[in-house]
Amino acid sequence: MNNSNFSKLPPRFNFSKSYYVPIYLVIIYFVVKSFSQVELSFSSIINSLPEMKQFFQELFPPDFSRIDSVISSLILTFQIALVGTILGIFISFPISIFASRTQSPNKFLYFLARAVVSLFRTVPDLIWAIFFVVTVGLGPIAGVLTIMVDTIGFCGRFFAEAFEEVDPGPVKALNAIGAGKLSTLMCAVIPSALPSLVNSSLFSLEKAVRSSVVLGLVGAGGIGVELKTAMDMFRFDEAATIILAIFILVLIVERVSSWVRGKIMEVG
Amino acid sequence: MSKDNLVLNVSNLSKSFGDTEVLKGVSFSVEKGEAIALLGHNGSGKSTLFNCMAYLLEPTSGFIRVSELDFSKLSKKALRNARSKIGFIFQKHNLVNRLGVLSNIIHGKLSTDPSPRLWFQKFAPSALRLKALNLLEKVGLAHIAGKLAGQLSGGQSQRVAIARALMQEPELILADEPTASLDPQAGTEVMELLYKLAQDEGITLVFVTHNVEHALKYSNRILALKAGELVIDKSTKEITKEEIDTLYE
C-alpha cells in the first residue's frame, strides 16, 4: 500500500464540522417540535376507535337508491377531468417549449414561461377552484378551468424537463446539416421526448380525476357536490355508494392509462 | 491545385478555449473527389478542427471556405444553406431512435427543403420516399425500411446515417470517428462502404480516425495534428510507418 497518496484522497464525511452542528440541532429540534405541535397521541386514536366503528357501521351497507344520479355525476366528474386535462396539455405544450433551457428562443421567454408554470403549480388546486367559483360561478366550468390550470403547472414542468433530457446527438446532426429550428424540434426533439410526454399526460389525467372529486366539495361541479350533500345530511350509506363509485372510476382510469403507457413504451 | 476543383480551403485556422489554444494556424486545401484521413492522438485538436470545418464552432482566427463560400462572412441563414453541401457522420449515429429508418433518411433533405411533409416518411413526397429506399439499398439495408431506428445494431445504424448524409447530395462528407463505437468487423464494413460510396458518387470525404489501418486503406491523403498543429500533410502512398508512429509518442 502506498501511504504517500493518503493526503490526496478526497475528504471523508465530517460530522463534527463546527458550522454544521447548529444546523443539525435546528433540524432535530424542528422535527421533535412538529410531533408535539400536531398533537399526535396514540391514546386519542385508541379513544376514537368506537366513533370510527360507528361511522363504518353507518357506511354499510351502501345505499344504491340514487345510483342513477351518482353515475351521471361520476360521468360529469370524468368529463370535467378529461376536458380540463386536454385543454391543459394543449396550452402547456408551447409554454413548455419556452420553459425548456435547450429549446427556448431566448432567456426572457424562458424565465417568463418558468414563472408562469411555477405559479400554476405552486398554488393548490383547491385555491384555484375557489378563485374560479368566485369569478365564473358554481358548476363544471369552474372545475374545468381549475383542472386546466393545474395541468399546465404539472405538464409545463414535466414536458420542459423531457425536452431538456432529450439525447442531443440527433439534434446536433440536424443542426449540422442546416435544418431549421422548427424542423429540429419536430423531427428530433418531440419524437425523442414522446414517451415522457405521453407518460406525463396520462399521469395528469389520473391526477385530474382524483382532483375533480375534491373540487366538487367547493362547488366546482361533479360528484364532489353529491358527496358533500350526503355527508352534510349524515346520509353515510349514500356517501358509501359515492365513495365506492369514485374508487371504481379512479381504478379504471389508472388501469387504462397504465395499459396505454405500457403500449407506448413497447414501441420504443 | 486548380481553384475550380477546391471543395474545402482551411487557412491559418486557430481556435482557443480561454487560454488554451487548441488549433494553431492550421492550413490545408481539399480537392474534389479526395478521401482524406485526419489522424492524431486524443486532445490533438481533431474534433475541434472537424467542428470548425463546418462552422459548428467559430474559429478564433483564420477562415474556412467550402466551395468558395467564406463561412465567416455568411449570415446565419446563409450558413445554414451552405451547410447543406456538407454531409455529416458522427461517432454515434445520431439517428432519432423512435422514428422509422426511412424518416431518418428523409431528414437528410431538410437541409434544403424545410417542408413539414418531410418530418415523417408517411407524408413525404413519393419521389423522396423512393430515393430514401434506393439509398437504403445502396447501404445494403433495403430489407429494414419498415423498422424503427432504435431496433438497429450499431453497424446498421451507422449505415443508415451514411444514407441520410447521401440524401443531402453533399459535395463533401465529414465523418468524425465513424467507426469508434463499432466492433472491428462492423467498423471495417462501414469504412469500406463509406469510402466506396464516396468514390462512386464523386463526393469528397474527410474522416477523423484513430485506426491507422483504416487511414492507410481508405484514404489517398493523410493529414495529422499534433498539439493543435498540422504536422503531416502527405499522400497516403508516400507516408511511412515511422511518421505515423511519431504522432502517438
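1. Is B:Glu177 buried or exposed? In this predicted model, B:Glu177 is buried, with a relative accessible area of 13%, and its place is in the loop between strand 7 (172-176) and helix 6 of chain B.

2. A:Pro61 sits in the loop between helix 3 (49-59) and helix 4 of chain A.

3. Helix 4 (residues 67-98) of chain A packs against helix 7 of chain A at an angle of about 40 degrees, and the two axes are 6 Å apart. That angle makes helix 4 of chain A oblique to helix 7 of chain A, and the crossing between them is right-handed. The residues of this contact divide into 19 nonpolar, eight polar and no charged.

4. Helix 7 (residues 140-164) of chain A also packs with helix 5 (residues 107-122) of chain A, here at an angle of about 135 degrees and with the axes 7 Å apart. These two helices are therefore oblique to each other, and helix 5 of chain A passes helix 7 of chain A in a left-handed crossing. On the side of helix 5 of chain A the contact involves A:Arg114, A:Val117, A:Phe120 and A:Arg121, which meet residues of helix 7 of chain A including A:Ile152, A:Gly156, A:Arg157 and A:Glu164. By class, the contact has five nonpolar, two polar and four charged residues.

5. Aromatic pairs can be followed through the structure, which holds 16 of them over all chains. In one of these pairs, the rings of A:Phe154 and A:Phe158 have their centres 4.9 Å apart and their planes at 50 degrees, so the pair is tilted. Both residues lie in helix 7 of chain A, and being four residues apart they are separated by about one helical turn. A:Phe154 is buried, with a relative accessible area of 17%, whereas A:Phe158 is partly exposed, at 31%.

6. In chain B, the rings of B:Tyr195 and B:Tyr218 have centres 5.8 Å apart and planes at 55 degrees, so this pair is tilted. B:Tyr195 lies in helix 6 (residues 184-201) of chain B and B:Tyr218 in the loop between helix 7 (212-217) and strand 9 (221-226) of chain B, so the pair ties together parts that are 23 residues apart in sequence. B:Tyr195 is partly exposed, with a relative accessible area of 21%, while B:Tyr218 counts as buried at 2% relative accessibility. Returning to chain A, ring pairs link A:Phe55, A:Phe56, A:Phe234 and A:Phe236 into a cluster.

7. Finally, B:Ile162 is placed in helix 5 (residues 154-167) of chain B and counts as buried at 1% relative accessibility. Leaving aside neighbours within four places in sequence, B:Ile162 is in contact with several residues, among them B:Ile89, B:Val139, B:Leu193 and B:Leu197. The C-alpha atoms of B:Ile162 and B:Leu136 are separated by 9.1 Å, the two residues being 26 residues apart along the chain.

Technical notes
Residues numbered from 1 in each chain as written. Chains lettered and ligands numbered in written order. Predicted model: local features only at pLDDT ≥ 70, side-chain atom pairs only at ≥ 80, totals over all residues. Heavy atoms only, no water. Axes fitted to C-alpha atoms, helices over the stretch in contact; angles between N-to-C directions. Parallel < 35°, antiparallel > 145°, perpendicular 65-115°, else oblique. Left-handed = near helix turned anticlockwise from the far one by under 90°. Contact = heavy atoms within 4.5 Å. Nonpolar A, V, L, I, M, F, W, Y, C, P; charged D, E, K, R; others polar. Phe/Tyr/Trp six-rings, centres within 6.5 Å; stacked < 30°, edge-to-face > 60°. Buried < 20%, exposed > 50% of the residue type's maximum accessible area, 1.4 Å probe, protein only.
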